[in-house]
Amino acid sequence: MSKPTDLVQGTLDLLILKTLALEPRHGWGIAQRIRQVSGDVLQVNQGALYPALHRLEQNGWIRAKWGGSENNRHAKYYSLTPAGRKYLEREEANWRRLSAAIGLVLENS
Amino acid sequence: MRWIYKSPLRLRSLFKKNWVEQELSEELRFHLENQIEQNIAQGMSPQEARYSALRQFGNVGTIKEECRDSWGMRFITEFLQDLGYGLRQLRRSPGFTVVAVLTLALGMAAAVSIFGFVDSVLIRPLPYSNPSRLMAVFKTSPLGGRQMGYSYPDYLDLERFNAAFASIAAYDGSESYVLSDGASVHRVNGIGVTSGFFRVLGVTPLLGTDFSSRSATEDLQAVPSTVILSYPAWQEWFGGKPDVLGKTVTLNGEAYTVIGVLPRSFQFAPTGATEFWTTLHPYAGNPCTSGRGCAVMGVVARLKNGITLQQASTDAQAISAQEARRYPDPDRNRGASVVPLSQAILGNIRPVLLALFAGAGLLLLIAYINVASLLLVRSENRRREFAVRGALGASRGRLVWQFVTEGILIVAASSALGLFAATLARRLLLKLIPADMLSFMPCLRGSGWNWHVAAFAMLLLLIACALFAMTPALRLPFTNLRAGLAEGNLGAAGTAWRRLGTRLVVLELATTMVLLAGAGLLGKSLYRLMHIDLGFVPGHLATLSILAPGSKYSKSAQAIALQRGIVSSLQSLPGVAAAGTASDLPVGGEGGTQIGFVDRPGLGENNAVGHIIVSPGYLSALQAQLLKGRYFNENDNAGAPLVAIINQTLVRRYFRGVNPIGRQFFYHAHGSDAKLDGPAHPTRIVGVIADVKQNALDGPVTPVVYTPFDQEPGPSFSVAVRTSQSAAAALPTLIATLHKTDPGIVTSGAATMPEIIQDSQAAYWHRASAWLAGGFAALALALSIVGLYGVIAYSVSRRTHEIGVRMALGASRGSVLRMILKEAGWLTLIGLVIGIPGSIVAGMLMRSLLFDVHSWNVLILGAIAAVLVTAALLASYIPARRAAKVDPMVALRYE
């Protein structure tokens with residue numbers, strides 16, 4: 001496995017929000033999903049994940065609810081709020097614009 | 001919309017902290033377990049899986065902290081944490097806490113309670129509409145600008161010709177009316193006022209109507225006599241019933257109709273607790289309302305918009321000068337002055353209150369300094385604790401904040417205590433003021449808790465907080481952690497504090513000295529006042545005033561007969577050595593008139609002198625000293641030539657080097673009988689007595705003439721009786737005897753002469769100031785002793801090692817004792833050196849309060865210095881002895 005690259009905090013927020021856009025997940029589920037989808041490249045550290053989750057919750061973009069997990073254990077599920085959804089859209093658009101611009105610079109200089 | 005989610009979350013993390021923490025732990029544990037499962041699924045053994053998962057998880061504590069940080073309630077939770085910690089710390093050193101809290105509470109109580117008085121008297125405006133525009137107008141006499149009242153015709157002139165006042169009114173001197181209640185008679189206070197009086201003040205009656213506005217000259221005509229009651233009078237005489245309007249009241253034999261009742265909060269300080277307000281009426285042919293010589297009316301006026309005090313003053317003076325030209329006889333040399341009404345009312349109390357406030361402020365300063373040094377000591381002792389905490393990662397801000405919260409806790413506790421004590425102190429102080437004096441200072445009664453006092457208390461609180469938060473924080477070992485952590489505090493790090501700490505205590509000692517000086521000066525002033533030469537013997541002298549119904553004794557013969565009967569019945573009582581009557585008792589007043597001297601026309605006719613009408617035996621009953629000539633006797637009666645006795649001051653002023661016996665003078669504008677005016681009716685001087693103190697104890701002695709009662713009889717006078725036994729016990733008998741002579745007589749003011757002197761205003765104020773100042777000084781001394789003790793004790797504890805070394809090297813116990821005492825001695829000396837000029841300055845500022853005492857009285861300063869030195873020695877002796885008892889071996893072994 002390659003070393004997990006350091007992710008900027010804002011980017012982590014974006015990834016989390018996107019992961020939650022489909023369905024509610026708990027913290028472990030979010031980390032697993034990100035790892036899977038990125039092909040094991042992005043491995044989110046617990047030390048970054050949970051503070052980020054709590055911060056997003058305090059900011060009102062995600063909402064938490066306790067429920068039963070797959071193996072019937074008590075887990076805290078996070079889901080997106082409408083405000084979070086709007087924020088996600090905005091940030092996604094920003095990211096695409098930014099990465100396109102970086103790509104252009106890398107190609108042409 | 002996000003706040004809908006945010007606020008409950010934040011509040012939840014504040015109030016349901018345990019629950020939230022538990023949730024967080026569970027969440028992280030869930031993640032961990034899943035990780036372990038994954039590891040096992042990948043082939044690790046359970047133990048390996050667990051270790052690997054834990055390793056990968058990282059520091060759970062840090063993760064939790066970061067989560068908590070994101071909750072945003074950090075500051076509040078940390079503050080609550082600090083408070084809890086601070087409380088525990090304070091509880092662990094109860095001695096320090098109790099001393100600090102009590103000291104600060106004491107200072108705050110003193111300052112806040114005195115400020116309450118200052119606020120209600122000096123800061124709050126008078127209870128009239130727009131009081132800053134209200135003025136009091138006085139006439140000034142040629143005798144050194146003494147303020148006098150207006151005569152009624154002069155007032156009419158002022159009213160007619162002034163250009164500065166929007167409205168103006170006058171009030172009479174306080175009269176005693178006899179209120180006949182059918183069966184019994186009572187003596188009540190009443191004032192005659194012009195019809196516009198309440199309108200000038202801007203006061204409307206609670207019930208009924210104001211006096212109908214009439215032009216001034218109509219005030220005196222035969223209109224139905226009307227009266228307005230004060231609120232207490234309404235309650236007392238009419239039971240507070242609303243049907244009082246239209247009822248009649250019999251005052252001095254005349255019927256008055258009640259037309260109104262004043263509001264409960266109404267007060268008019270110059271007239272005290274007046275119950276009945278009537279319009280001016282010519283009672284029994286009173287020449288005071290027609291002649292210009294009787295100047296007893298007070299004048300209040302409201303300035304017109306845009307007119308200044310200066311302009312009004314000039315205007316009044318111009319009118320007065322015109323009167324002087326037109327009526328040179330009474331009004332020559334009389335000027336006018338206009339002062340703000342507040343100044344006229346409060347002039348006397350102001351310096352006393354300000355001095356007391358300064359004293360309380362100094363006491364508060366000492367309290368602040370004391371607690372600050374205590375906190376400094378504490379912070380010194382905790383240097384190591386804070387060095388460790390700093391090394392473990394506490395931020396500098398956090399450490400400072402720890403001190404701040406401790407300081408806040410102390411300030412909060414002492415404020416609560418202090419404010420409670422202030423309320424009690426205030427009530428106590430008010431109770432100590434005698435009731436009739438309080439009636440002349442009605443503003444004091446209203447004072448309690450209000451915005452001003454609350455704001456002042458808050459200010460003191462904030463200053464204390466700032467002070468106590470800063471002082472220990474200044475000493476935190478931010479730069480030199482190693483020194484703080486080091487085991488042996490060998491004294492080098494302590495000297496900086498000692499320098500600061502000792503400087504503070506020196507300030508305390510100096511302030512205490514200033515307070516002691518103030519108390520000493522006031523005390524000596526009181527002593528001087530109570531031991532002045534009164535000119536008569538006050539002991540065993542019973543006095544009271546009587547008022548006979550004017551209807552029965554309107555003729556001279558009747559009054560003379562009454563007076564003779566009273567004197568003889570009193571003299572025949574057992575235990576009575578002598579009895580006499582006078583129009584005014586000593587320390588009670590002196591009347592007033594103006595005389596001119598036969599064959600000395602150059603002196604004019606307006607020499608103001610006191611005028612007292614006495615019975616023949618009066619002066620000898622007083623045991624006044626007869627210097628020349630004779631007392632009055634039975635021959636000086638109604639038909640005989642007019643005679644008078646004068647006092648020494650009159651001789652000194654007008655008959656220097658000449659024998660006054662046989663000389664003559666005449667009255668100008670005689671008070672009670674205009675027929676006696678003028679050079680055609682000269683009065684011959686038959687005797688000279690040494691000065692008898694007639695007016696206030698601390699007032700000047702004025703020239704006085706005494707004339708026999710038979711030649712100027714009247715229905716009201718005062719009685720003085722010299723008893724062989726206790727005067728107080730004789731009073732009831734005297735009253736009974738008087739009522740036997742005529743039950744219609746109203747007696748009042750029964751008191752012994754020593755009582756009258758003790759309770760006189762001057763004596764009262766001096767005594768109150770001296771006691772209060774003494775109280776402050778004693779408290780300050782106590783606090784300073786505690787402070788000095790603390791400083792020396794701490795210094796000794798820091799130098800234990802050094803002392804051990806000294807003793808091991810051969811120093812004797814005595815020399816160690818001397819060393820410590822020398823340190824204390826230096827502190828005291830510096831305190832004295834700073835304090836002496838401070839005391840002198842304080843004495844000079846207090847000049848107006850002192851009676852016959854120099855501001856820089858060397859004896860007092862020396863005595864205070866001695867007291868302070870003794871106190872300092874006392875304070876430092878115990879720690880010094882402890883230093884001397886140090887066992888060198890013990891001191892050197894333990895650091």
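Predicted model: local features only at pLDDT ≥ 70, side-chain atom pairs only at ≥ 80, totals over all residues.
Is Asp40(A) buried, partly exposed or exposed, and what is its relative accessibility? The first view answers this.

View 1. Residues are numbered from 1 along each chain as its sequence is written, chains are lettered from A and ligands numbered from 1 in the order in which they are written, and side-chain values use heavy atoms, with hydrogens and water left out. Asp40(A) counts as partly exposed because its relative accessibility is 30%; buried means under 20% relative accessible area, exposed over 50%, and partly exposed in between (1.4 Å probe, protein chains only). Asp40(A) lies in the loop between helix 2 and helix 3 of chain A, where helices (H or I, at least four residues) and strands (E, at least two) are DSSP runs numbered from the N terminus. Its phi is near 70°, a positive value in a residue other than glycine. Most residues other than glycine have a negative phi. Asp40(A) also forms a salt bridge with Arg35(A), the closest N and O atoms being 3.5 Å apart; a salt bridge is a side-chain nitrogen of Lys or Arg within 4 Å of a carboxyl oxygen of Asp or Glu. Arg35(A) is buried, at 17% relative accessible area. Val41(A) is found in the loop between helix 2 and helix 3 of chain A and is partly exposed, at 37%.

**View 2. The contact between chain A and chain B.** Chain A gives 31 residues to the contact and chain B gives 24 residues, contact meaning heavy atoms within 4.5 Å. The buried area is about 2600 Å², with 53% from carbon and sulfur atoms; this is the accessible area (1.4 Å probe) that two parts lose on being put together, summed over both. On the side of chain A, Trp28(A), Gln46(A) and Gln58(A) lose the most area to chain B, together 30% of what that side buries. Four salt bridges are counted between chain A and chain B. Lys76(A) forms a salt bridge with Glu27(B), with the closest N and O atoms 3.7 Å apart.

View 3. Arg55(A) pairs with Asp13(A) in a salt bridge, the closest N and O atoms being 3.0 Å apart. The two residues are 42 residues apart, Arg55(A) in helix 3 and Asp13(A) in helix 1 (residues 9-22) of chain A. Asp13(A) is buried, with a relative accessible area of 7%.

**View 4. A salt bridge within chain B.** The side chains of Asp710(B) and Arg564(B) meet in a salt bridge (2.5 Å, N to O). Asp710(B) is in the loop between strand 21 (704-708) and strand 22 (716-723), Arg564(B) in helix 21 (residues 556-571) of chain B, and they are 146 residues apart. Asp710(B) is buried, at 8% relative accessible area, whereas Arg564(B) is partly exposed, at 45%.

**View 5. Thr683(B) and its surroundings.** Thr683(B) is part of strand 20 (residues 683-689) of chain B. Thr683(B) counts as buried because its relative accessibility is 1%. Not counting residues up to four places away in sequence, Thr683(B) touches Leu642(B), Val643(B), Ala644(B), Arg663(B), Gln664(B), Phe665(B) and Tyr667(B).
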